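Here is a brief report on a structure that may be new to you. Look at the view first, then read on.

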Amino acid sequence: MRLVYLDNNATTRVDPEVVEAMAPYFTERYGNPSSMHQSGALAHKGVALAREQVAQFLGAHPDEIIFTSCGTESDNAAIHGVLNAYPDKRHFVTTRVEHPAVLNQIPYLKRKGYRVTELSVDRDGNLDLEELRASLTEDTALVSIMYANNETGVIFPMEEIAQVVKSRGIPLHTDAVQAAGKIPINLGKLPVDLLTFSGHKLHAPKGIGVLYQRRGTRLVPFMVGGHQEKGRRGGTENVPYIVALGKACELAQQHLGSSIRRMAELRDRLQQGILERIPNVIVNGANAPRTPNTLSCCFEYIEGESLLLLLNDLGICASSGSACTSGSLEPSHVLRAMGVPYTAAHGSIRFSLSRYTTEEEVDFVLEHLPGIVERLRAISPFWGREGAAFRRAV
Amino acid sequence: MWDYSEKVLEYFRNPRNVGVIEDADGVGEVGSLACGDALTLYIKVDENDRITDAKFQTFGCASAIASSSALTELIIGKTVDEALKVTNRDIADYLGGLPEEKMHCSVLGREALLAAIADYRGERRESIESPLVCECFGVNQEEIERAIRENGLTTREQVTHYTKAGGGCGKCHEKIEEILTRMCVEEERVPRPVRKPLTNLQKIKLVEEVIENQIRPELQKDGGDLELIDVDGNRVLISFRGLCANCPSAGITVKGIQDRLREAVAPELVVEEVPA
C-alpha cells in the first residue's frame, strides 16, 4: 500500500543526503571529539562543521550553538537555566498554547513558588501584545513564547514580541521547533536570547536538538558534567547526529525559499479542496499568519480518531487534536485556548506537509477524504438532525 | 496507536445495524457532542417483550462505534429482561476486549441500553434524579456506582477510564474517592491491595480456578471448550476443544482469555494455544 505521509509536524523523514553525511561517523570517524588523537580530531571536525552549519542557518555565531538531545531538553535547559541564573526574580511569562515541553513546566514552577502568567490567544490563535506588555514586571525572570504553533501552524510575531520584552531588559526564549525550516529565521536581526529547535522536524534523526544562547545571556547549566559544549551541557557529543543536524540545516537553508513556496501552494490546494468538497469544516487559524506546511481543521459532528483510522486504512498519515487520540478525555489545549467549541474540537485533524509532499498526494487525500467524512457523518446522531442549518445559526 | 483487537477494528470499519428505526418502541440517547461521544439506540420490541430489532447512531472514536454495534448484536433476539442483564463488560468481551482507557465506550453502550428500555417501559429514569458528580462530562452518582459495581472498580483512575468522570478539571476526584470508599464498606469489599507477587503454586491454582469457573462455562455455551495444558512461568498453555478447536477466531479468543487471566491473576501472563 502507498504511504501518504502528512504528519511532518510530528516527525519527518530523514533526508538521504543527511544519512549519507552521518554514516561515516558510526563506522570510521567514531572517535570522541575530546580525545587527543586523530580519530578524536576527525569527530571534533565533524562537530565543528555542524556548529558552523547550524549557526549559518540561524544567522548566529557558532559559539552560540549548544547541542542537546531534543527540543524538550532545550526548553528545559533554557527555562530552568535562566530562572536559576536570576533566583531573586519569581515571575515567568508564557502562553496557553505552548508545546507540553514548556506548558508542563508551569505546575512545577508554581509548586516552587513562581508566579506564572499564561497569555491568552484569540479565536484565530493570535496573541495580544498589550496583554504581554501589561504582564511584565520588575520581578519577571523570563518570557518563553513559541515561534510557531505545532497544532495550528499559527506564527507569533516574534520581532514585535522581542521589542516588547527586550525594551524591559527581560530574557526571551522561543521554542522554534515548528518554525525552523518553515520560515526564515535570522538571529542577527531578531533579538531573542534563547531559541530551541529540534532535528527530527527538519529531516534529521530523532534524538538531536539545539539550544541557541545569545552571547552574554546568563544560563545555569541544566546538564552538569564534563567540559563539553564549553561546560554548558555535559555529556559526550552525539557526533553522528550532530553531523546529521548540521547537514539538515544546510539543506533546509538551501531549500528554504523553494520549499516554503511549494508547501504553501500544496497546503492551500488541500485547504481549498477540502472546503469546496466538504460542508461544515472549520479551518483553525485561517486568518492568522501560519507556517506554510500546516493545515488544522475541524470536521463537525464526527470524531478525530475515527477519521484518522479510516485515513490510515488508505495509507494516509495525519494527526488529531481530539481527546481520544491522546488518551486524555479532553480535546487539544490549543484549540480550547482558541475557543474552538468542544463540539468541533473533537473532530480536529492536522495535515502537515514537507518538502517531499507532492501534488498527487494532496489530490489523493482530496479524492478520499469526502467519502470518509460522509461515512462517519452517516453514523453520527448529530448530522442529519442539526445539519448544516445548525452551523449557520451559531 | 491504540491496541485495538481485530474485532473492534472490524466492527468499526463495518458496523452492523447503523441507522434509525422510525417507529421504534424505545429510544435511548446518551453522551453529547461536547463530551466527545454520544450514542442513540433504537429498539423494536414485539408483543412477547422480545427485542426484534436494534439500530444505533454514534458520534465517537473507533471503540465507541464498535461498542455500539456490538451492543445491538448482543440484544437482538433477547427479551427486555434478558437484555437488561447485558453489562458493559459483555460488550467489551464481545469485541475481544477494549483498552482500559476506552472502557467508557462500553459503559456508554450499557447506559444507552438502560435508557432505551426505560423509554420503552415508559419509566422515568431514576438516574435523572441522581446528583451530578462530574460536571465536565455530566456523569451522575448513579452511573458511577453502576460502573463500580458491575466492573469491580477500586481506583479513581479506573472510574475515569470507565465513565470519564474525573477526566476533566479534576474537581470531583474527592467525590469519586468518597463513593469508592463508601461502596467498598457497604459491600464489605476492601480496595484491591497492591498485588503481591504470587508463588508458582498460587498462580497455577488461580489460573485453573478462573478457567474452570469463568472461561470454560462461557465457551461451553457456544459449543466449545478448552483444556489447560500447562503453566510454565508466565506462559499459560491451552488447547481448544469442541467447536473452538478449528475456529478461525481462536486468535481473538486467546486474546480475550489472556485479558481475563491478566486481570484476575497477573498482568504479565501470556496465553498460548498449543495443538491438542
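## The model

This is a predicted model.

## How chain B meets chain A

Chain B brings 32 residues to the contact, and chain A brings 26 residues. Together the two chains bury about 2,300 Å². Carbon and sulfur atoms give 65% of that area. Three residues stand out on chain B: B:F12, B:L33 and B:F59 supply 27% of the area that chain B buries against chain A, more than any other three residues.

Polar links cross the interface too. There are 9 residue pairs in polar contact between chain B and chain A, both residues at pLDDT 80 or more. The interface also has 2 salt bridges. B:R13 and A:D313 form a salt bridge through their side chains, at 2.6 Å from N to O.

Several elements of chain B supply at least two residues each to the side that touches chain A: α1 (6-13), β1 (26-32), β2 (37-45), β3 (51-59) and α2 (62-75). β3(B) gives the most, with 4 residues. By class, this side of chain B has 17 nonpolar, 11 polar and 4 charged residues.

## Two helices within chain B

Helix α5 (residues 103-120) of chain B packs with helix α7 (residues 156-163) of chain B. Their axes lie 5 Å apart, at an angle of about 55 degrees. The helices α5(B) and α7(B) are therefore oblique to each other.

In this contact, B:M103, B:H104 and B:V107 of α5(B) meet B:H161, B:Y162 and B:T163 of α7(B). The contact residues comprise 3 nonpolar, 3 polar and no charged.

Key: Residues are numbered from 1 along each chain as its sequence is written. Chains are lettered from A and ligands numbered from 1 in the order in which they are written. This is a predicted model: local features need pLDDT of at least 70, side-chain atom pairs count only at pLDDT 80 or more; totals for chains, interfaces and linings use all residues. Side-chain values use heavy atoms; hydrogens and water are left out. Contact means heavy atoms within 4.5 Å. Buried area is the accessible area (1.4 Å probe) that two parts lose on being put together, summed over both. A salt bridge is a side-chain nitrogen of Lys or Arg within 4 Å of a carboxyl oxygen of Asp or Glu. A polar contact is a pair of N or O atoms within 3.5 Å; within protein, one must be able to donate a hydrogen and the other to accept it, and residues adjacent in sequence count only if both atoms are side-chain atoms. Ala, Val, Leu, Ile, Met, Phe, Trp, Tyr, Cys and Pro count as nonpolar, Asp, Glu, Lys and Arg as charged, and the others, Gly among them, as polar. Axes are lines fitted to C-alpha atoms, for helices over the stretch in contact, and angles run from 0 to 180 degrees between N-to-C directions. Angles under 35 degrees count as roughly parallel, over 145 as roughly antiparallel, 65 to 115 as roughly perpendicular and the rest as oblique.
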